[in-house]
Amino acid sequence: YPPAPTMQPRSRGAPVGGVPEDERMAAEEHRRFMVSLGVESGTAASSSEAGEEAPPKARFRPNKDLEMLRLVFQLVSILSILGLAPLGVIVLWTGESPLHAPIRVYDDTFGPTNSNILRLQPPYINRSRLESAGNMWRPLTFSADGWIGSMQEHVFDLWNWGVRNLFTGTLQMKFFALLVTAAIWIPVLACGAHLAIVFMAQSPDFIKAPYLRKLPESILILEQLLVAQERFGRKLSPKILEFAAHRNC
């Protein structure tokens with residue numbers, strides 16, 4: 001019988017599965033960034049239990065609270081930019097100017113702006129208004145007899161119930177309506193923030209490079225600045241280099 005093949009130990013520095021060095025470094029950078037945001041908090045522990053080297057922790061300035069504020073500012077900025085995409089669709093759909101498009105959306109959804117906002121009237125959703133000729137929502141408003149229109153009717157009723165209690169309800173009903181509103185919108189906003197984090201961590205280099213090169217140092221966290229230096233050749237200020245040396249980076 002031929003001798004059984006022996007397994008040669010693999011060095012830690014060798015590429016895994018033939019993965020190029022630059023891709024391995026990019027994956028390591030992504031894991032480190034996600035760990036810093038708490039998205040992959042258990043990665044280091046699971047790697048240690050498997051006998052592998054844990055991914056290095058993200059590098060921060062001494063004031064970590066300000067670093068978190070920088071991340072929040074980046075998330076809000078990205079979400080705001082992404083929010084311009086629906087505005088562009090509405091401009092193309094209605095033919096309105098970008099300044100008048102939000103007013104057109106409000107008027108077609110809740111009624112005349114003057115009677116609602118200026119007089120502090122509840123912004124009710126009325127199906128007859130949505131189905132009227134010339135309304136921008138008419139093509140998307142289905143008959144209440146079908147299952148899609150029936151679901152829309154439930155959404156309209158929930159909205160009208162909420163605004164009615166917020167504007168004219170008792171104190172207890174106002175509080176209950178706020179709880180329902182929070183239960184609906186907090187998960188939506190959390191999902192949006194998570195998508196923005198994933199976009200920041202997994203975006204390709206042609207997006208990530210100008211983002212990390214051009215933004216001011218006061219907006220980026222230390223980890224992002226050092227990645228910009230290591231991967232994209234950004235020149236850092238002496239103050240940032242001093243922070244990096246202090247962190248033994």
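Helix H5, residues 101-110, is mostly covered in this predicted model. Seven of its ten residues are buried. They are Ala101, Arg104, Val105, Tyr106, Asp108, Thr109 and Phe110. Just past the end of H5 comes Gly111, with a positive phi of about 110°. Two of the buried H5 residues, Tyr106 and Phe110, also belong to an aromatic cluster, together with Trp159.

The structure holds four aromatic pairs. In one of them, the ring centres of Trp93 and Trp137 lie 6.2 Å apart and the planes meet at 90°, so this pair is edge-to-face. It links distant parts of the chain, 44 residues apart. Trp93 sits in helix H4 (residues 84-94), while Trp137 sits in the loop between helix H7 (127-130) and helix H8 (147-168).

The rings of Trp161 and Phe176 are also paired edge-to-face, because their planes stand at 85° with the centres 5.7 Å apart. Here the link runs from helix H8, which holds Trp161, to helix H9, which holds Phe176.

| Residue | Relative accessible area | Class |
|---|---|---|
| Trp93 | 39% | partly exposed |
| Trp137 | 24% | partly exposed |
| Trp161 | 25% | partly exposed |
| Phe176 | 42% | partly exposed |

Next comes helix H9 itself. H9 covers residues 171-202, 32 residues in all. From first C-alpha to last, H9 reaches 46 Å, close to the 46 Å expected at 1.5 Å a residue. The helix does have a kink of about 25° at Trp185, shortly before the proline Pro187. Its buried residues are Ala177, Gly192, Ala196, Ile197, Met200 and Ala201.

Where does Glu217 lie? Its place is the loop between helix H10 (205-214) and helix H11 (222-232). Is Glu217 buried or exposed? Its relative accessibility is 19%, and the cut-off for buried is under 20%, so Glu217 counts as buried.

Beyond its neighbours within four places in sequence, Glu217 is in contact with Arg61, Arg70, Leu225, Arg234, Lys235, Leu236, Ser237 and Ile240. Ser237 also makes a polar contact with Glu217, side chain to side chain, at 2.7 Å. These two residues are 20 apart along the chain, and their C-alpha atoms are separated by 8.5 Å.

Note on methods:
Residues numbered from 1 in each chain as written. Predicted model: local features only at pLDDT ≥ 70, side-chain atom pairs only at ≥ 80, totals over all residues. Heavy atoms only, no water. Helix = DSSP H or I, 4+ residues; strand = E, 2+ residues; numbered from the N terminus. Expected span 1.5 Å × (residues − 1). Bend = angle between axes of the 7 residues up to and from the residue. Buried < 20%, exposed > 50% of the residue type's maximum accessible area, 1.4 Å probe, protein only. Contact = heavy atoms within 4.5 Å. Polar contact = N/O pair within 3.5 Å; in protein donor to acceptor, adjacent residues only side chain to side chain. Phe/Tyr/Trp six-rings, centres within 6.5 Å; stacked < 30°, edge-to-face > 60°.
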